[in-house]
Amino acid sequence: MDACRWIGIATMAAGILAAGPAAARPLAAIKESGTLRVGLTGDYAPYSLKREDGTLKGADVTMAEDLARTLGVSLTIVPTTWKSLKDDLLADRYDIAMGGVSVTADRAAVADFSVPVMSDGKRPIVRCADARTYTSIGAIDRPEVRVVVNPGGTNERFAAAHFPHATVRVHPDNRTIFREVAEGRADLMVTDGAEVDYQSRRHRGVLCPAAVPDSFDHADKGYWMTRDPAFKAAVDAWLQAALKSGAYDKALEAAAE
């Protein structure tokens, strides 16, 4: 085989491995195994949050339990991170990712999304005294403004795209990141509105939503799963029923307490 042809084949193979769609366990295999594997980061309240004792709470923990029951299988929670979310799915470490996953083009290229769970958008969370200071991208994108982000997800992407002049720092633990703002080591974090509202309630009188006229962007959230038409159809049917009955809203409300 000549060198040029070998290089061409190797390049094609590498591209397939890097970007090929996730087609691991179909629904039939999930049912045969008796277990649904759900990937959760455990660091994104109110969707999933790891407690001090190692257990998880959150709206999508409740929803994962309900999905497993509906499919007639047991539930296994698989820890993942925003940085490794895609690699873990492609490596067949879990069947479906839940817990506040934003629908993005690059994710949709390799695996299926459910029907949207909700629509949300990026907003700043700040110390309450600064609620009327950081109300636009322009007001934030200044060298003296300290923005903190968590690694590997859409928050980091948003900061990189919109705050080239601000001082942006990556904090490795999303469970403690809001202390950076509350305790004055950062001025703000820009994240999804549901998390802004949840953390503002958790840190009442200390952290507040910035008084922005609207979210800086808008995106759907959904459940991200291995590519199998039967699995997607089952998840969509279950989720549409849960949304129609108000079961998802109840799970979200309970998690926000």
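D236 and K232 both belong to helix 10, which covers residues 229-245. They stand four residues apart, about one turn of the helix. In this predicted model, their side chains meet in a salt bridge, with 2.8 Å from N to O. How accessible are the two partners, D236 and K232? D236 has a relative accessible area of 11% and is therefore buried, since the limit for that class is under 20%. K232, with a relative accessible area of 25%, is partly exposed. A further group deserves mention here: R25, R37, D92 and D95 are joined into one network by salt bridges that share partners.

Let me now turn to the salt bridges in general. How many salt bridges does the count come to? The count comes to 18 salt bridges. One of them is formed by R127 and D187, whose closest N and O atoms are 3.3 Å apart. R127 lies in strand 9, residues 122-127, whereas D187 lies in the loop between helix 8 (177-182) and strand 12. The pair therefore ties together parts that are 60 residues apart in sequence. Please note also that D187 is buried, at a relative accessible area of 6%.

A further salt bridge links R175 with D173. Here the closest N and O atoms are 3.3 Å apart. R175 counts as partly exposed, at 43% relative accessibility. D173 counts as partly exposed as well, with a value of 24%.

Where does T41 lie? T41 is found in the loop between strand 1 (35-40) and strand 2 (43-44). Its relative accessibility is 15%, so T41 counts as buried. The side chain of T41 is joined to that of D43 by a polar contact of 2.6 Å. If we leave aside the neighbours of T41 within four places in sequence, its contacts are S48, T80, T81 and W82.

As a general point, rolling a probe the size of a water molecule over the atoms shows where empty space is left. For this model, the count comes to two cavities of 30 Å³ or more.

The largest cavity holds about 120 Å³ of space. By class, the lining of the largest cavity divides into two nonpolar, eight polar and five charged residues.

The second largest cavity holds about 40 Å³ of space. Its lining is made up of Y47, D60, G100, V101, V117, K221, G222, Y223 and Y248. Two or more of these residues come from strand 6, and two or more from strand 14, which spans 219-225. Strand 14 gives the largest share, three residues. In this second lining there are five nonpolar, two polar and two charged residues.

To close, I would ask you to locate two places in the structure. One is helix 10, where D236 and K232 lie four residues apart. Thank you for your attention.

Note on methods
Residues are numbered from 1 along each chain as its sequence is written. This is a predicted model: local features need pLDDT of at least 70, side-chain atom pairs count only at pLDDT 80 or more; totals for chains, interfaces and linings use all residues. Side-chain values use heavy atoms; hydrogens and water are left out. On a 1 Å grid over the protein atoms alone, a cavity is a set of points where a 1.4 Å probe fits but cannot get out, and a pocket is an open set with protein on both sides within 12 Å along at least five of seven lines; lining residues have an atom within 4 Å of a point. Grid points are joined across faces, edges and corners, and a volume is the space filled by probe spheres set on the points. Ala, Val, Leu, Ile, Met, Phe, Trp, Tyr, Cys and Pro count as nonpolar, Asp, Glu, Lys and Arg as charged, and the others, Gly among them, as polar. A salt bridge is a side-chain nitrogen of Lys or Arg within 4 Å of a carboxyl oxygen of Asp or Glu. Buried means under 20% relative accessible area, exposed over 50%, partly exposed in between (1.4 Å probe, protein chains only). A polar contact is a pair of N or O atoms within 3.5 Å; within protein, one must be able to donate a hydrogen and the other to accept it, and residues adjacent in sequence count only if both atoms are side-chain atoms. Contact means heavy atoms within 4.5 Å.
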